[in-house]
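Subject: Structure for your review

Dear colleague,

Please find below the structure that I am handing over to you.

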Amino acid sequence: MDWSHLKVALAVSRGGSLTRAAQLLGMDQTTAGRRLNVLEDQLGVTLFVRAKSGFLTTEQGQIILERALRIEAEIDRMGEDIAASHNGAVGVVRLMGNNWVLERLAGEVLPHLAQAHPKLEMVLSGRLPPAPLHGEATLSFWFDAAPHASEIALPFCRVPYAAYRARGLNVDPRDWVLFRDDDAHGPSFSRQVQKRLGPEARVRLTATDAHILRNAARKGLGQALLPVCVGEIDAALERVDEHLAPTERVLHLHVNPDTVESKRVQIVLNAIAEDIEAALNAKLLTQPDRLLKSLKENRR
């Protein structure tokens, strides 16, 4: 049995369709479909049935996928064991989250991590939820996104926010530029902020990224509620607290339980947790060792 055929089955399970599976594996859909057909012919069973909602796993398919997951984990561990003599992280870790979060991590955390672990490759993706699933070890950081069914989500840190306006410009105190989080589960942050601002507030622009809001505020379009780590470093902005008191948002860590015990995932997670205060001006909610323990307990 060819492992590359099993990888297609895993990708279909993660992506929900043959198209997304091909994207995850970096191959064309025809090749992915052919490999899946060969696998089903070899096993003599149907692994998936097509439905309006996507590919659904059959009972026989679930048995095969459970075995394939164990094979995938064992191959991953084997690679790390072989590289253990380097005393470092080896392989790919994907980081997902808002662009401004990834930018801060790239500037404050990842350079030291890359220097300490030269065989580690970090892939950053700012795709907003629902984000495509990936077979690589992935750490995702979201404020209000619901975790995918295959993920564990835990509160990671508290990020302070404050109001800012353009320095030296006459900005109407009723005008605001705010975050847009329509996909949030539960009460959204943007709706809470608008409620606090009152009926006189005029929302001039909404966006999903802090840098867009910062640039709009710099031009005087309105006041912006920004992460303190973004607002404080911009000399063109000044902090204002008279219209909206500082607040905090909880950043959640989403992680796939299949890769949480991977050495490279634990190394990257520890590095981020240790430097999160410098990166985001944030307060860590759980120490790294307890965080990993909680993730392992949730996995079981």
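How many helices and strands does the secondary structure of the protein chain come to? The protein chain has 11 helices and 12 strands, where helices (H or I, at least four residues) and strands (E, at least two) are DSSP runs, numbered from the N terminus.

Please note that this is a predicted model, in which local features need pLDDT of at least 70 and side-chain atom pairs count only at pLDDT 80 or more, while totals for chains, interfaces and linings use all residues. Residues are numbered from 1 along each chain as its sequence is written, and side-chain values use heavy atoms, with hydrogens and water left out.

The chain as a whole

Of the 300 residues of the protein chain, 46% count as buried; buried means under 20% relative accessible area, exposed over 50%, and partly exposed in between (1.4 Å probe, protein chains only). The protein chain exposes about 15,400 Å², an area that comes from the Shrake-Rupley method with a 1.4 Å probe; for residues, only the protein chains shown count as cover. Among contacts (heavy atoms within 4.5 Å) between residues at least 6 apart in sequence, 76% join residues at least 24 apart.

Helix α10 covers residues 263-280, 18 residues in total. From its first C-alpha to its last, α10 reaches 25 Å, close to the 26 Å expected at 1.5 Å a residue; the expected span is 1.5 Å times one less than the number of residues. At Glu 274, α10 bends by about 50 degrees, the bend being the angle between axes fitted to the seven residues ending there and the seven starting there.

Several residues of α10 are buried, among them Val 265, Val 268, Leu 269, Ile 272 and Ile 276. As background, an α-helix has 3.6 residues a turn, so residues three or four places apart point the same way.

Asp 275 also lies in helix α10, but it counts as partly exposed because its relative accessibility is 27%. Leaving out residues up to four places away in sequence, Asp 275 touches Glu 108 and Val 109. The C-alpha atoms of Asp 275 and Leu 110 are separated by 9.8 Å, although these residues are 165 apart along the chain.

In general, most residues other than glycine have a negative phi. Asn 281 lies in the loop between α10 and β12 (283-284), and it counts as partly exposed because its relative accessible area is 40%.

Salt bridges

Side chains of opposite charge can pair when their charged atoms come close. A salt bridge is a side-chain nitrogen of Lys or Arg within 4 Å of a carboxyl oxygen of Asp or Glu, and by this rule the count comes to 13.

One of them joins the side chains of Asp 144 and Arg 249 (2.5 Å, N to O). This pair links distant parts of the chain, 105 residues apart: Asp 144 is in the loop between β5 (137-142) and β6 (152-166), and Arg 249 is in strand β11 (residues 247-255). Arg 249 is buried, with a relative accessible area of 7%.

Arg 204 forms a salt bridge with Asp 175, their closest N and O atoms being 3.2 Å apart. Arg 204 lies in strand β8 (residues 202-207) and Asp 175 in strand β7 (residues 175-179), so the pair ties together parts that are 29 residues apart in sequence.

Arg 218 is in helix α8 (residues 210-218) and Asp 234 in the loop between α9 and β10, 16 residues apart. Arg 218 counts as partly exposed at 36% relative accessibility, while Asp 234 counts as buried at 7%. Leaving aside neighbours within four places in sequence, Asp 234 is in contact with Arg 214 and Arg 218.

Yours sincerely,
A colleague
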